[in-house]
Protein chains: 2
Amino acid sequence: MTAHASQTETSVNQIDDVVAYMAGLGQAARVAATQMRRAVTGDKNRALLAMAEHLQRRRSEILEANAADLARGRASGLEAALLDRLALNDARIDAMIEGLEQVAALPDPVGEIEGLRYRPSGIQVGQMRVPLGVIGIIYESRPNVTMEAASLCLKSGNASILRGGSEARDSNAAIAACIRDGLRDAGLPETAVQVVATTDRAAVGQLIAMPEYVDVIIPRGGKSLIERISREARVPVIKHLDGVCHVYIDATADPEKALAIAVNAKTHRYGTCNTMETLLVDAPVAEALLPRLAQAYAAHGVELRGCERSRAILDDIAAASEEDWYAEYLAPVLAVRVVDGMEAAIEHIERYGSHHTDAIVTEDYGLARRFMAEVDSSSVMVNASTRFADGFEYGLGAEIGISTDKLHARGPVGLEGLTTRKYVVLGDGQVRQ
Amino acid sequence: MTAHASQTETSVNQIDDVVAYMAGLGQAARVAATQMRRAVTGDKNRALLAMAEHLQRRRSEILEANAADLARGRASGLEAALLDRLALNDARIDAMIEGLEQVAALPDPVGEIEGLRYRPSGIQVGQMRVPLGVIGIIYESRPNVTMEAASLCLKSGNASILRGGSEARDSNAAIAACIRDGLRDAGLPETAVQVVATTDRAAVGQLIAMPEYVDVIIPRGGKSLIERISREARVPVIKHLDGVCHVYIDATADPEKALAIAVNAKTHRYGTCNTMETLLVDAPVAEALLPRLAQAYAAHGVELRGCERSRAILDDIAAASEEDWYAEYLAPVLAVRVVDGMEAAIEHIERYGSHHTDAIVTEDYGLARRFMAEVDSSSVMVNASTRFADGFEYGLGAEIGISTDKLHARGPVGLEGLTTRKYVVLGDGQVRQ
């Protein structure tokens, strides 16, 4: 274990009273939020670029801290996938630096006034975009989330309290030092971003139960973490649950587009929430399309599980059970169903889907228009791969996560989702009659 | 008691299993929400105008039902203010009819697509405004809220479940009949608006605990009702708590504007949430302004409670205690404090206010600009009376309430606050590289 890690160890052990410690972070964040609300764009950008410089300069320190986390992880039998997420290297630090530069280059959403109009009374009324206040982020093993979350909360004028996974504690402490120094360089309060320094699990319970200090919680991680936090939180939560995404190929689809989209939506990446999990094929084209699709999937090693009608066409695939229609595989497995037209497809999506991202492939104008209006998902697509449901692809410039909630933010959440709007009224002495 | 009221009585008594009854309403609402999402603007407007016609035609029936409620209320010793809220008359029915016509005339927010732009990949991405789904509204004695809530939820494409006060049950049942018939006339599902037909208090507990059927709860009523619902709800709540509103008169204010605004903000109406409760006066102008203000307030019978410095100028007013700075009087009482400049005023507002509506009176450009940016309230005003914080004055055309929450909707909530936005993606076969 390195000297750096030992230091962190000490500070971790010093926190005996987690409730008091978290309340202290909360109070400091509330004060910082007031100052951050007033922070000008230039200072926020200077802080982001200074953080990037600190990352650059302290590369070896960060990699050493990360090595300590990895060693501890290996010793405690952490599985390979988690170790991979935990690992930092030069490329990942480069990506963090690039991320900071990108966020600095994004337009500042704070202060933008929309719809300022004169009213009959003579007052002007508009809505000004303002920070939410204090944001709590709870995440798991990836230490680069620390910098990502810090940068987005900072740019949107919020104070933040970040609680990463205990397995990444030394890496997070090293990154936290870069954040702190960057804030100081730009003359912003160091408490504008606070990384929780205890690995005590009670810290999470406290963070989600301080409505007086925290305005919103954003959990990032596995479904069970998010469900638990949503259930127990006493502050609003912006969350992401399932991604059971569908592609529906209508009889009016261009077959080549249908094939390209259906293959890309499944095989581009398996573990992402916007990956297609169920393919719905309109009956009149099933016989022509399913064998070609099956061949393409076989080439990618994707296992198919089908309904009776699709198995009548593809006789060597397994039968899908009722559970398969609900499944978020996050793996090279795909459920396939033959349906009778768009109405039946929408019914299936409504019943089994998770309202995340659903696509239709069609050349029919009326069907495209109806599918867009009637499918109640955070992203609804016509003739495009579900894999496009992403903050960068949508042009948000950054993404703190994808919300499957309906209120406040729905779909990919960028800087705007970390703000809210207040009304501003400009008058010249007007009174209400 | 009228024949109509007896009928309602019977149906009320028939509901033995409140849990099953509420689940039934929830299921029906979920189905109706799917149909309402597709409802075209013309049908929604036709339903609203048909409801207005039914109100017109069944005026005497409604007034009879209301008379039964009033008789029961008087017999059970309901206080005068509540009886006044409960009472319907021709003027109030006229207002309900006019309200329906106004909502029918409002633009339909559903389906509006904002920001549709081409991305480098060739897809077009925009955000489409869509209904929230199922909205539960819980309110107290005023039966006209039934029609108001029904019309706003309907126009915004939502299904709704309305739970009024038990003291208004016959009036609400009569209004519910007009709603149902109006929906049927327009060919919309009758379950698009459901008025809870039991006065059992357990119905509220059920309504706020069915996330599978209800997307959002909007409570309207006293603070204790709203606090209880927020605490116990298992679905998101859009709520209104306190309105501790401030007017700050800076030394740079035009004295005549300051007087007009300070008097109007307090005396235009006492019981409303946007009424000023604390007046902050900048020290250099306190001596000149306070006596003139005191005279104007005295003419309106407003009692003043002041800080030490204001009492040194107005020697006959009572001393304000610490509690007075937090108080939402909703009465002809005003707390008055002399402060040293805008910073001190903002500190006071931050510490004691409720983030509802706060105003500055100043002729100084820089102060106005800073006050707008730095005060974290749902409405921030320059040189205008706080009484303008209202959906109609802001041009929303209608108002379901004023939100003091930060997420989703902040300030007056109109049709737009009852909708959310999903992403729509238009492609031509694009796949992710």
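A salt bridge is taken here as a side-chain nitrogen of Lys or Arg within 4 Å of a carboxyl oxygen of Asp or Glu. By that rule, B:Glu393 pairs with A:Arg432, their closest N and O atoms lying 3.1 Å apart. The model is predicted, so local features need pLDDT of at least 70 and side-chain atom pairs count only at pLDDT 80 or more, while totals for chains, interfaces and linings use all residues. Residues are numbered from 1 along each chain as its sequence is written, chains are lettered from A in the order in which they are written, and side-chain values use heavy atoms, with hydrogens and water left out.

The pair just described belongs to a wider interface. Across the boundary of chain B and chain A, 16 salt bridges are found. Polar contacts (pairs of N or O atoms within 3.5 Å, where within protein one must be able to donate a hydrogen and the other to accept it, and residues adjacent in sequence count only if both atoms are side-chain atoms) join 52 residue pairs between the two chains, both residues being at pLDDT 80 or more. Strand 16 of chain B gives the most to the side that touches chain A, with 11 residues; strands (E, at least two residues) and helices (H or I, at least four) are DSSP runs, numbered from the N terminus. In terms of contact (heavy atoms within 4.5 Å), 67 residues of chain B meet 67 residues of chain A. Buried area is the accessible area (1.4 Å probe) that two parts lose on being put together, summed over both, and for chain B and chain A it comes to about 5,800 Å², 53% of it on carbon and sulfur atoms. B:Leu407, B:Tyr423 and B:Arg432 supply 15% of the area that chain B buries against chain A, more than any other three residues.

Within chain A, A:Glu399 sits in the loop between strand 13 (379-384) and strand 14 (401-403). A:Glu399 is buried, at 17% relative accessible area, where buried means under 20%, exposed over 50% and partly exposed in between (1.4 Å probe, protein chains only). Its contacts include A:Glu148, A:Arg220 and A:Pro412, and a polar atom of its side chain lies 2.4 Å from the backbone nitrogen of A:Gly391.

Turning to the cysteines, no disulfide (a pair of cysteine sulfur atoms within 2.5 Å) is found over all chains. For A:Cys245, the closest cysteine sulfur, in A:Cys273, is 6.7 Å away, too far for a bond. A:Cys245 is also buried, with a relative accessible area of 0%.

Note on methods: Lists of a residue's contacts leave out its neighbours within four places in sequence.
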